[in-house]
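Hi,

Here is the structure I promised to pass on.

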Amino acid sequence: MTNKRQQRLFIVTMMVLALLFTAEWKTAYASSNIKTLLTSWFEGKQQESIQALEEEILTEKEAQMAILKEEIAVSLNQANKEVANFTSIEAEKSKEELKSYTENLIQSIQIDEEGQQEQFMNELGKIMEEAYLKIEQACEDALHQTE
């Protein structure tokens with residue numbers, strides 16, 4: 001009877017040990033599974049956060065670029081107007097100075113011969129015409145460079 005009793009006790013002990021071992025193994029497996037699950041979840045949330053931040057930054061960057069383009073356009077337009085106004089005023093001043101200088105030359109020169117006077121007037125007219133064209137061309141060039 002002791003032999004049977006020992007045998008039963010041995011079997012019960014082995015079963016209890018097997019039960020404890022499998023319970024510990026399941027706990028260890030569940031613990032590592034939870035760790036993997038949590039790590040995966042946090043990595044997913046991290047990627048979502050990074051993606052959301054990148055989208056917000058891109059949206060804000062586009063909005064700021066639009067504002068900057070608008071401000072630059074306004075500044076360039078104002079600068080173009082100022083340059084055009086300055087160029088126009090300077091061209092008129094140059095024309096008036098040239099005209100005044102030409103009139104002074106005409107008054108200071110007394111030519112006796114009719115033919116020489118006409119030739120002088122023709123050459124002077126050509127020079128003035130050429131000067132006007134150059135002034136107007138410079139004005140147009142200045143306006144086109146600023147655009």
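Below is what turned up, starting with how to read it.

This is a predicted model, where local features need pLDDT of at least 70 and side-chain atom pairs count only at pLDDT 80 or more, while totals for chains, interfaces and linings use all residues. Residues are numbered from 1 along each chain as its sequence is written, and side-chain values use heavy atoms, with hydrogens and water left out.

The protein chain has 2 helices and 0 strands (DSSP runs, H or I of at least four residues for helices, E of at least two for strands, numbered from the N terminus). Of its 147 residues, 7% are buried (under 20% relative accessible area; exposed is over 50%, partly exposed in between, with a 1.4 Å probe and protein chains only).

Now the salt bridges (a side-chain nitrogen of Lys or Arg within 4 Å of a carboxyl oxygen of Asp or Glu). The whole structure has 4 of them. One joins Glu-136 to Lys-95, with the closest N and O atoms 3.4 Å apart. Glu-136 sits in helix α2 (residues 114-146) and Lys-95 in helix α1, so this pair ties together parts 41 residues apart in sequence. Lys-95 is buried, at 19% relative accessibility, whereas Glu-136 is partly exposed at 37%.

Two others stay within a helix. Lys-45 and Glu-48 meet at 3.6 Å, N to O, and are 3 residues apart in helix α1, about one helical turn. Glu-130 and Lys-134 pair at 3.3 Å, N to O; both lie in helix α2, 4 residues apart.

Cheers
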